[in-house]
Amino acid sequence: MNLLLSDDYLLQDYPENITNTIRSGHSTCVRFNRNGDYLASGRVDGTVVIWDLETMGVARKLRGHSKNITSLSWSRCGKYLLSACQGWKAILWDLQDGSRYREVRFRAPIYGAELHPLNHHQFAAALFEEQPVLVDVTDTVGVKHVLPSVQKRQDADLDAALKEKHAKEDAKHMTTAIVYTATGEHLLSGTTKGRLNITDATTREIIFSEKIAGGIVTTLRLTESGKVLLVNAQDRIIRTFHVPNLSSADLDPDTIQIPLEHKFQDVVNRLSWNHVAFSATGEYVAASTYNNHELYIWERGHGSLVRMLEGPKEEQGVIEWHPHKALLAACGLETGRINIWSVTSPQRWSALAPDFVEVEENVEYIEKEDEFDIHPHEEIQKRRLDQEDEEVDVVTIPNDGGLGVDLDAFRMPILFDLGESDSEEEFVNVSLGTLRRKSPGEEDGEAAVEDRPASKKATGTGRRGKKK
């Protein structure tokens, strides 16, 4: 829709109903880039698909993983994308040409990896049953620094038996979620014991640790300003916390406080939450539910539930909120489709003609006195020639190119190879001129066709079924 025709500023701040469904394979996670014009999705087979939200088509496919994609993270400029998978590997992609810019292998599957907000050569990763790692990929070979999950104990005066006991307890403490602060100077991490750790990214030491949940912390999200933290844990409670200014010059680690703002939960049904996300402004909190197909949206100011979004009758997994619009994207766990909820914008035709007025019934038009006067042909020709003599500047480009965007920002090159950019996998070629829709649990259409018995009886049955 033409942007001039929409009254987005008059609409509500949260989505109302499902407006689009897109699919390329079985998606398990999604992530918007900073500008909100592209959506990256990770598939079960390890393929990363980048969607153009303007056309809802596939812009690029990145193949390098062999296992399920667990997390995605965009660089600030939008040129680089970090993907992590269960195959113990993280890849930093250069979207200029779709190449593998850097590749790092770990000793365990990856819960999630997050790029530094200002430096795409640095990222942090939370590993399965291993300590988290801070990785620097400035050089071709990445440099890994192990981060602690437990604050150092002051047990120098204790006996050896007690020290050994503490060491065993600390060894069971693992990091399950990790994010950078807005400046990238500190890391916020959640653990298997429900603790929140604040780690200095320079010294790589924990400066603050506090128990904030009664179960494993599964998701951490920060608002754009970095002042509010959203935490999802397995104790069925979603929490928001105020984050202090950790970049202050006179910061004293002993005085750091993370005050609790709100708790969001379903007291009646005792629902668990699969994934959570902040709205573009941070005013709303959205969550997908375990063993339920509804999405919940709360207003953060008062902590009240404002909307329960209905959609396909399947459980939703990872959800992400668009960075600038009232738009939500979620992955269906059964089909792997990406469902998009947004607000239906009414068209505003007066944007094209200031004197345009919508009328409910026909109105007799009264013409102006000179509106349809016939002018001499010589006068019309003279006006046309005068307009042709005017110099038109076709070289100078406005700051935004007339498109409302920064021309210096990275734009993904257009692919002209349709084989690389189709959204496929909805239909399978059974025989010459015959297509069938792929079933939700089927990943490789060609393999499914080859597995069929190649008998005449089966072929005949298939044709009769097609005619019906």
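Biologist: In which sense do strand 27 and strand 28 pair, and over how many bridges?
Modeller: Antiparallel, over four bridges, with strand 28 covering residues 338-342. A strand is a DSSP run of E with at least two residues, numbered from the N terminus, and two strands pair if DSSP finds at least two bridges between them. This is a predicted model, where local features need pLDDT of at least 70, side-chain atom pairs count only at pLDDT 80 or more, and totals for chains, interfaces and linings use all residues. Residues are numbered from 1 along each chain as its sequence is written, and side-chain values use heavy atoms, leaving out hydrogens and water.

Biologist: Which residue in strand 28 is the bridge partner of Ala329?
Modeller: Ile340 is the partner of Ala329 there.

Biologist: What about the hairpin of those two, which residue takes a positive phi?
Modeller: Gly336, with a phi near 80°. That hairpin has five residues between strand 27 and strand 28.

Biologist: And strand 26, how does it pair with strand 27?
Modeller: Strand 26, residues 316-321, pairs with strand 27 in the antiparallel sense, over four bridges. Ile319 has Ala330 in strand 27 as its bridge partner. Strand 26 and strand 27 also form a hairpin, with six residues between them.

Biologist: Changing topic, how many residues of strand 27 are buried?
Modeller: Five of its five, residues 328-332. Buried means under 20% relative accessible area, with a 1.4 Å probe and protein chains only.

Biologist: Which residues sit on which face of strand 27?
Modeller: Leu328, Ala330 and Gly332 lie on one side, with Ala329 and Cys331 on the other. Both faces are covered.

Conventions:
Buried < 20%, exposed > 50% of the residue type's maximum accessible area, 1.4 Å probe, protein only.
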